[in-house]
Amino acid sequence: MLRQAQHDNDSMTTEKQQALSELALRVREHIVRLSTDGGCFTGASLSCADLLVYLYADFLNVRPDNLQDPERDYLFLSKGHDVPALYGTFAELGFMPKERLANHLKSNDSIYWHPNRSVPGVEFHSGSLGHLPSVALGVAMDAKLRGQNQHVIVITGDGELNEGTCWEALLVASAHKMNNLTFVIDRNHFQANIATEDLIPLEPLAPKFEAFGAVVKRIDGHDFAALEEAFNGLPFSQDKPSVIICDTVRGRGLPSIERRADRWFCNFSSEEITSLLQELHSQEATKLTSETLTVR
Amino acid sequence: MNYEQLIHETALADERLLVMTAENRALIRNLPGPLGARFIDTGITEQTLIGAAAGLALRGRVPVVHALATFLTLRAFEFIRTDVGIANLPVKISAFVPGFLSDGNGPTHQAIEDVSLMRGIPGMTVFAPADEQDMLAMLPAIWASPDPAYVRVTTRPATYQHAPFELGKAEIVSEGTDITILTYGMLFEQALIAKDLLTEAGYSVGLVNLRSLKPLDEAAVLNVVRGGSLVVTLEDHFQTGGLYSILAELLLANELTAKVLPLALKERWYKPGLLSEVLEYEGFTGQHIARRIGERLGDGEHTFGAKTKVIENEFAE
């Protein structure tokens, strides 16, 4: 299992990178399959698939069999619309049966466009942006009160950083010296349907977090070795929260939809799903005819 | 015993209880020392306060959060609804200076839609004690309950010896065949004066201190309605969404009707000033309440005594 090879200072082995890449490919297959019959937030899910795969398969002390352990690590997915990546990861790692994904948007289950706690492993529901930084802060505060040392991680989108409450929570986390709290930014460079820098520019981003009292690292969010190096360095300071900005590509893995402002939410035909799955494996771009959807 | 002593004692007896504030320490000024890390001040951040309280409750804590009623229920509304409400977490909201109690602050600080907003959240319970004694009788049961709770805090001294509190039960002060005043919160004090003035004028007057708006003591209210008296809903709240609406919903659900006089703020914020000025100007002193009820009954005879003397609030931010 991947976990056994973790937390050493050597650079990641080729075998481990290969195993993580294969797992990420299976998660991307789930994301593509969820992108029909109503669709899902495909582009936003593909950008953070590698990040979630790395965290759950390797870094985090969270497993299907320790979810009741109050000393386990916590991951809060504040950017809730990328839940297909989370559910794909959970299905592959045994948190939920893969068959449950077939219940997407069906009333016989609770698998919908944003996460909820009926799925084991989901720590808190999200959907409204800018909420889970403060919820994660509360959990990190309780861990400190109890003298526990686990990681509390909150993943936000980059567009989500428009919400003032992300910054408010970081300000409070800095004031309370929350070194057990880590903000991870899925920096895929898009808001809902517009490039971040064309609407509400975020750059220079790292100095903003530093100005709010955090220690920041910026990495390629699709590079497993870089992810490992960054996360193994946590906490970056003994008296400050940490921030890891993961530069990612919206739609990563499917060249036909990569970096496209109009591929945030996708609802493809079954023929397109077949050809997107081929594209995923061959890296040969698919020709899409589905109407794009503007949701926000 | 005051609020601070009660929460201190409760926190010592129950390690789940945490005291939190968005830099509103009026009620809990002396607790940072004794409670140490279990006293959490997030600064002027009502949204983060509520989100963090949800996170703490997720881990088994019972956070009692303190800030001004208006900023909690309005600025942080979505956090209360989405983080506390959807997860149904036992976050206890101590809302300071609700209704007329924000007296001189002006409309930015007037929480007069709070009951309406909070009762609209599934699972949220809503309480409004009449005075400090009433509040101290109510809080232990509210904090011990597994439900999220919103409490309209008042520290005004009691002018009435209250009955013991039972969750979801109203306090029946008197029953009347001519008039029954239903009220909650700080206006109970004025309602009691109005009741005496109306009684002196020869009316049979009932008075109910609702204490809990959600759950509502439906049996007690239906009993009042079936008694056939004029029902007065008295509240320092917008007329929309508060007690008048609650009564209307109850009547409709039970296929009943009643003669009802709403005394509330209709489509307007109130004139800011010292509490005595506010109550006098807005017509909510004991004497004004009695007069407005008398008018509704076509009473041209009584003046209902002299101007009511109102004890001012102490300023506390």
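How many residues of domain 1 of chain B are in contact with how many residues of domain 2 of chain B? The first legend gives the count. The model shown throughout is predicted.

**Figure 1. The two domains of chain B touch each other.** Here 26 residues of domain 1 of chain B are in contact with 27 residues of domain 2 of chain B. On the domain 1 side, three elements of chain B each supply at least two residues: helix H6 (114-119), strand E5 (125-127) and helix H7 (132-144). By class, that side of domain 1 of chain B has 13 nonpolar, 7 polar and 6 charged residues. The domain assignment places domain 1 of chain B at 3-152. Domain 2 of chain B runs over 171-296. Taken over C-alpha atoms, the centres of these two domains of chain B are 26 Å apart.

**Figure 2. Chain A meets chain B.** The contact draws 19 residues from chain A and 23 residues from chain B. Two helices of chain A, H5 (132-145) and H6 (164-175), each supply at least two residues of the side that touches chain B. H5(A) gives the largest share of that side, with 9 residues. The side of chain A that touches chain B divides into 11 nonpolar, 6 polar and 2 charged residues. For the complex, the predictor gives an ipTM of 0.95 and a pTM of 0.95.

**Figure 3. Helix H6 of chain A crosses helix H3 of chain B.** H3(B) covers residues 46-58. The axes of H6(A) and H3(B) come within 9 Å and cross at roughly 75°. Angles of 65 to 115 degrees count as roughly perpendicular, so H6(A) is roughly perpendicular to H3(B). From H6(A), the contact uses A:Thr165, A:Glu168, A:Ala169 and A:Val172. From H3(B), it uses B:Gln47, B:Thr48 and B:Gly51. The residues of the contact of H6(A) with H3(B) are 2 nonpolar, 4 polar and 1 charged.

**Figure 4. Within chain A, helix H1 packs with helix H10.** H1(A) spans residues 14-33, and H10(A) spans residues 270-282. Their axes lie 10 Å apart, at an angle of about 165°. An angle over 145 degrees counts as roughly antiparallel, so H1(A) is roughly antiparallel to H10(A). H1(A) passes H10(A) in a right-handed crossing. On H1(A), the residues that meet H10(A) are A:Leu25, A:Arg28, A:Glu29, A:Val32 and A:Arg33. Their partners in H10(A) are A:Ile273, A:Leu276, A:Leu277 and A:Leu280. This contact of H1(A) with H10(A) has 6 nonpolar, no polar and 3 charged residues.

**Figure 5. Helix H3 of chain A crosses helix H9 of chain A.** H3(A) spans residues 49-59, and H9(A) spans residues 224-232. Their axes come within 10 Å and cross at roughly 55°. That angle makes H3(A) oblique to H9(A). The crossing of H3(A) past H9(A) is right-handed. H3(A) contributes A:Asp50, A:Leu51, A:Tyr54, A:Asp58 and A:Phe59 to the contact. H9(A) contributes A:Phe224, A:Leu227, A:Glu228 and A:Phe231. The residues of the contact of H3(A) with H9(A) divide into 6 nonpolar, no polar and 3 charged.

Figure 6. In chain A, a cis peptide bond joins A:Glu203 and A:Pro204, with omega about 0°. In chain B, the peptide bond from B:Lys214 to B:Pro215 is cis, and omega is near 5°. A:His189 has a positive phi, near 70°, and is a residue other than glycine. A:His189 lies in the loop between strand E3 (181-187) and H7 of chain A.

**Figure 7. Confidence along the chains.** Chain A averages a pLDDT of 93, and 94% of its residues score at least 70. Over residues 1-6 of chain A, the pLDDT is below 50. Beyond near neighbours in sequence, this stretch has 10 contacts in the model. Where pLDDT is low, the predicted coordinates should not be read in detail. Chain B averages a pLDDT of 97, and 99% of its residues score at least 70.

Conventions: Residues are numbered from 1 along each chain as its sequence is written. Chains are lettered from A and ligands numbered from 1 in the order in which they are written. This is a predicted model: local features need pLDDT of at least 70, side-chain atom pairs count only at pLDDT 80 or more; totals for chains, interfaces and linings use all residues. Domain bounds come from an automatic or database domain assignment. Two residues are in contact if their C-beta atoms, placed from the backbone, lie within 7 Å. Helices (H or I, at least four residues) and strands (E, at least two) are DSSP runs, numbered from the N terminus. Ala, Val, Leu, Ile, Met, Phe, Trp, Tyr, Cys and Pro count as nonpolar, Asp, Glu, Lys and Arg as charged, and the others, Gly among them, as polar. Axes are lines fitted to C-alpha atoms, for helices over the stretch in contact, and angles run from 0 to 180 degrees between N-to-C directions. Angles under 35 degrees count as roughly parallel, over 145 as roughly antiparallel, 65 to 115 as roughly perpendicular and the rest as oblique. A crossing is left-handed if the near helix is turned anticlockwise from the far one by less than a right angle, and right-handed if clockwise. pLDDT is the predictor's confidence in each residue, from 0 to 100.
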